[in-house]
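Open the model in your viewer and keep the selection panel at hand. The tour starts at the ligand and then moves to the nonpolar cores.

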Amino acid sequence: MKIIVLPGDGIGPETVAVATRVLETVSRRRQLDIVLEHDIAGHASLKQHGATVTPALLEKVKAADGLLLGPMSTYDFKDEAKGEINPSKFFRKSLDLFANIRPARTYSGMPARLGEFDLVVVRENTEGFYADRNIESGGSEMLITPDVAVSLRRITRQCCERIARSAFELAMTRRKHVTLVHKANVLKIGDGMFLDECRKVAQEFPEVQVDDFIVDAMMAHVVRAPQRFDVIVTTNMFGDILSDLTAELSGSLGLGGSLNAGTQYAMGQAAHGSAPDIADQNIANPFSQVISAAMLLNWYGRKTGNSAFGAAANDIFQAVADAIANGEATKDVGGRLGTRETGDALVARLSA
Ligand code: NAD
C-alpha cells in the first residue's frame, strides 16, 4: 500500500510524524508492505512551489493507494489566484471524497462527563454551504455590492443519496441506528430533499432504526445524552460543526480522527485544524491523526479484501485506548506525556 503523507501546517508536522511512525510499526508487525511517500502541502508548498497544492501532487495522490493529510491553516489561504488553495477542498473535490466519517467515543481512564458513548458523524463532504467546492467553476460566494454578500448552498439528490447510503451501510456494522440531522423546518426545499433521499435509502435497510432531529435541537440532545446516538448523517456544514462538538464531548478535539472517502480514493485527516495556539510546543494530541491513519488502513483493507489491514487498524485503535487508560497520552486527555513521547509510548506498545 502506497500512502502519500502531507504534514500540513501548525501542529501538523508534530502529529503526522507520530502517525507515520505508527504506520511504519504496524506495517512491520503485520507485514503489510506499506510505503510512505512524503511530500508537502499548505504553507510549505506555497513557499516552495507558489501554491498550497499542485496538479503534480494530485497526480501523485491518484497513483497511490491513500493519502494522509495533516491539518492546514486554511484561514490563511484567501486568494486562489495567488496559489492559496484550501488543500482539504482540493482533495475532497478532485478525488470526489464525498463521505466524511467522524467517529467520537469515550475511553476508560478519562473522565466521561456525559457518560460513556460511541457514535459516528457521517458528513456530506462535497456540496452544501461550502462555497469553494459546490460549483464547477468559480465560487458560489459573491459580493453583490460592497455591503452585500451572498453565499449559495447546493444540495443535490445524488449527494444526499450517496451519503445516506454510506451512513446506513455503516450502521449495519454497528448498532443499526441512524439519526438524520437537518434544518427542514426552514430550509424546506434543500433539507427537505436531504430527508426525502435519506428516507428512500432507509427503506432498503429495514433493520435500521431511523429518527431525525432539527440541527439546533440536536446540539441539546447530543450534549444531554450522547449515548442515544449511533450513526448521525447530515449535510456538510452541520456535520462539520456537530463533529467538532462530539469530538470535544468525547474528551478532546485531539481525539477527532476522520476519514474522507469516495468510491476510488480515501484520505485520512484529523477533524480539527492546525491549532496554531499550541503548535511547536510538543503538547498537541497526536491521536486524532493516528486514528485517521488507522481508518485509512481499514478502508484499504475493505477495498482490497485484505483483512490484515483491518487487523492493523484494530491494533492501532486498541493501542490508543490502552495508552489513554495508562496515561500515556497528552494532557488534554488526562495524560502526562508530550506529543513525541506519546508517539514513543504508542510505538513501543504496538511493537510489544
Ligand atoms: P483548531 O481546530 O485548529 O483548534 C481549535 C482548538 O482545539 C484550539 O484550542 C486547539 O489548540 C485545540 N486543538 C486542535 N487540535 C488539537 C490537538 N490535536 N490536540 C490538542 N488540542 C487541539 O481550530 P482554529 O484554531 O479555529 O483553526 C486553526 C486553523 O486551522 C485555521 O486556519 C482554520 O481555517 C484551520 N482549519 C483546518 C482544518 C483542516 O485542515 N481540516 C479544519 C478546521 C480548521
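For the residue classes used here, Ala, Val, Leu, Ile, Met, Phe, Trp, Tyr, Cys and Pro count as nonpolar, Asp, Glu, Lys and Arg as charged, and the others, Gly among them, as polar. This is a predicted model: local features need pLDDT of at least 70, side-chain atom pairs pLDDT 80 or more, while totals for chains, interfaces and linings use all residues. Residues are numbered from 1 along each chain as its sequence is written, and side-chain values use heavy atoms, leaving out hydrogens and water.

**Stop 1: the ligand.** Select the shell around it (heavy atoms within 4 Å). By class, this shell has 10 nonpolar, nine polar and two charged residues. Thr74, Gly273, Ala275, Asp277 and Asn285 come nearest of the 21.

**Stop 2: polar contacts.** These are pairs of N or O atoms within 3.5 Å. Select Asp277: a side-chain N or O atom is 2.9 Å from a ligand oxygen. At Ser274, a polar backbone atom is 3.0 Å from a ligand oxygen. At Gln269, a side-chain N or O atom is 3.2 Å from a ligand nitrogen. The protein buries 70% of the 810 Å² that the ligand exposes taken alone (Shrake-Rupley, 1.4 Å probe).

**Stop 3: the cores.** A core joins buried Ala, Val, Leu, Ile, Met, Phe, Trp, Tyr and Cys through side-chain atoms within 4.5 Å; buried means under 20% relative accessible area (1.4 Å probe, protein chains only). The largest has 68 residues, and Ile3, Val233 and Phe287 are among those with the most contacts inside it. Helix α9 (residues 287–304) gives the most, 10 residues; helices are DSSP runs (H or I) of at least four residues. Finish at a separate second core of 18 residues, including Leu57 and Leu67.

Methods. Polar contact = N/O pair within 3.5 Å; in protein donor to acceptor, adjacent residues only side chain to side chain. Buried < 20%, exposed > 50% of the residue type's maximum accessible area, 1.4 Å probe, protein only. Helix = DSSP H or I, 4+ residues; strand = E, 2+ residues; numbered from the N terminus.
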